[in-house]
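Subject: Structure handover and notes

Dear colleague,

I am passing on the structure we spoke about, and below it you will find my notes on what came out of the analysis. Please read them with the model open beside you.

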Amino acid sequence: MSSASDPLAALGSLPGVPESVDSVRKAVDRVYGHRVMRRRSGEITSEAALRGARGSAALSGADWALEEVRRRTDFGAEDEARTVGAALRLTAEAGQLLSIWRQSPLRVLARLHLVACGATGSDGQDDVVGRPRLAGEPVDEPLVVLPLPDAEEVAGRLDGLSRLVIAGGSAPALVTAAVVHGELLALRPFASYNGLVARAAERIVLINSGLDPKAICPAEVGHAEQGAEAYLKAFEGYVSGTREGMSAWIAHCGRSIELGVRESTAVCEALQRGAA
């Protein structure tokens, strides 16, 4: 990331990014203007949370049908079930951490990992939960296989990310959310569930920024709908650090939000017809 005074704002002027920002804003405004939102916004928020959790879990290797996620109550039996359970817990927790995010994003990230793990490590080791990994500690991340930054680099870049979030600035919400998501996925700072935590942090930024205050535009749905291959290709653009790569990642995240909007619009239409 740049050392300029407002590097996130600078990213907002990359080729294609202003168009993505404008497209996302128009899509979000349309769903917020739907007549069902005036009376039943709470139902849309709940459904978006469920569908967002399903999408995030799918990218982490647990691609369950929506109705299976809705029906299940036991999420501790095997690996896929634990992943789905972690995604559901993170989606529920994200809304409780909004007031803390701008003051202490690292505290929020630690809490997200704790929640994802269900307060215990996936291997039963509590000492790896809720803190960045130390030198030599392994990482279980099924989707991303790029080389891991070492623990010292992770600590430095997390501190830099925290400073950017706390400083605020004029960057569009889409840009900030994409950078937070991409940086956490690149660092994989925790022993497990890094993809889930990165996507939950993206959700927090979108809500906290005011772009999606009712949490009805689940980007996780769009990330999953575009598929793991497209997700990883766009993410590699982020990791490259090039102007073209960063633009492609931000555009991918923008398209994911728009697909999340489409999903919630369909829910609105179903509710309007009395079919849901």
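Valine 145 is exposed, with a relative accessible area of 73%; here buried means under 20% relative accessible area, exposed means over 50%, and partly exposed lies in between, with a 1.4 Å probe and protein chains only. Between valine 145 and alanine 186, which are 41 residues apart in sequence, the C-alpha to C-alpha separation is 10.0 Å.

Before the rest, a word on the basis of these values. This is a predicted model, in which local features need pLDDT of at least 70 and side-chain atom pairs count only at pLDDT 80 or more, while totals for chains, interfaces and linings use all residues. Residues are numbered from 1 along each chain as its sequence is written, and side-chain values use heavy atoms, with hydrogens and water left out.

Overall fold

The chain has 13 helices and zero strands. Its radius of gyration is 18 Å, close to the 19 Å that the globule rule gives for 276 residues, so the chain is as compact as a globular protein of that length; the radius is taken over C-alpha atoms, and the rule is 2.2 Å times the number of residues to the power 0.38. Along the principal axes, the C-alpha atoms fill a box of roughly 55 × 45 × 35 Å. Of the 276 residues, 51% count as buried. Where contacts (heavy atoms within 4.5 Å) are made between residues at least 6 apart in sequence, 72% of them join residues at least 24 apart.

Salt bridges

A search of the whole structure finds 18 salt bridges, each defined as a side-chain nitrogen of Lys or Arg within 4 Å of a carboxyl oxygen of Asp or Glu. In one of them aspartate 29 pairs with arginine 25, the closest N and O atoms being 3.3 Å apart. Both residues lie in helix 2 (residues 17-32), four residues apart, about one turn of the helix. Aspartate 29 counts as partly exposed at 43% relative accessibility, and arginine 25 likewise counts as partly exposed, at 36%.

A further salt bridge joins glutamate 263 to arginine 51, with the closest N and O atoms 2.9 Å apart. This pair links distant parts of the chain, since glutamate 263 is in helix 13 (residues 243-273) and arginine 51 is in helix 3 (residues 37-59), 212 residues apart. Glutamate 263 counts as partly exposed, at 23% relative accessibility.

The side chains of aspartate 79 and arginine 82 also meet in a salt bridge, at 2.3 Å from N to O. The two residues are three apart in helix 5 (residues 79-94), and are therefore separated by about one helical turn. Aspartate 79 counts as exposed at 54% relative accessibility, whereas arginine 82 counts as partly exposed at 29%. Elsewhere, salt bridges that share partners join Glu47, Arg51, Glu67, Arg70 and Glu263 into one network.

Helix 11 and its surroundings

Helix 11 (residues 219-226) is mostly covered, with six of its eight residues buried: these are Ala219, Glu220, Val221, Gly222, His223 and Ala224. The buried residues of helix 11 pack against helix 3, helix 9 (173-187), helix 10 (194-208), helix 12 (228-240) and helix 13. On the side of helix 3, serine 56 is buried, with a relative accessible area of 5%, and, not counting residues up to four places away in sequence, serine 56 touches Leu196, Arg199 and Glu220. Just after helix 11, glycine 227 takes a positive phi of about 95 degrees.

Tyrosine 193, in the loop between helix 9 and helix 10, has a phi near 60 degrees, a positive value in a residue other than glycine, and is buried with a relative accessible area of 14%. Alanine 215, in the loop between helix 10 and helix 11, has a positive phi near 55 degrees, and is buried with a relative accessible area of 12%.

With best regards
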